[in-house]
Amino acid sequence: MTTAEIDKPNGPVAAALLAGGIGSAVLGLLTFGAEASEGIKTLMNWYNPVGPLMGKSSLGIIAFFLSWVILNSLWKGKETNFNRIATIALALVVVGLIFTFPPVWSMLLGGE
């Protein structure tokens with residue numbers, strides 16, 4: 001068996017990586033949104049004992065799985081520009097992390 005026969009397209013791996021970035025960014029943005037708006041906070045409260053964390057985390061997970069399914073179906077069996085996708089995924093993870101960090105909320109919301 002040659003190396004070419006063993007190599008597999010990187011599309012499914014790139015889809016999972018980018019989906020992780022999308023899920024992270026959704027979680028971060030919803031976390032910030034719930035701090036910035038009472039309406040979003042109320043909308044995210046799907047189960048009173050847990051509070052808005054339930055909606056935020058659930059929507060982040062849904063965003064991950066939905067984007068993974070879509071991207072995997074688009075990129076299955078294909079070779080992608082993995083470095084570009086990894087860079088985008090990393091940027092999305094950074095966005096997710098930044099917006100889940102309370103000092104960022106204070107800075108963006110005017111020191112509340």
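F65 and W68 are three residues apart in helix 4, so about one helical turn separates them. (A helix is a DSSP run of H or I with at least four residues, numbered from the N terminus.) The model is predicted: local features need pLDDT of at least 70, side-chain atom pairs need 80 or more, and totals for chains, interfaces and linings use all residues. Residues are numbered from 1 along each chain as its sequence is written, and side-chain values use heavy atoms, without hydrogens or water.

**Exercise 1.** Count the aromatic pairs, then classify F64 and W68.

*Solution.* 
- Step 1: Phe, Tyr and Trp rings (six-membered ring for Trp) pair with centres within 6.5 Å; planes under 30 degrees apart are stacked, over 60 edge-to-face, the rest tilted.
- Step 2: The count is four aromatic pairs.
- Step 3: F64 and W68 have ring centres 5.4 Å apart and planes at 35 degrees, so this pair is tilted.

**Exercise 2.** Are F64, W68 and F65 buried, exposed or partly exposed?

*Solution.* 
- Step 1: Buried is under 20% relative accessible area, exposed over 50%, partly exposed in between (1.4 Å probe, protein chains only).
- Step 2: F64, at 22%, is partly exposed.
- Step 3: W68, at 33%, is partly exposed.
- Step 4: F65, at 44%, is partly exposed.

Note on methods: Helices (H or I, at least four residues) and strands (E, at least two) are DSSP runs, numbered from the N terminus.
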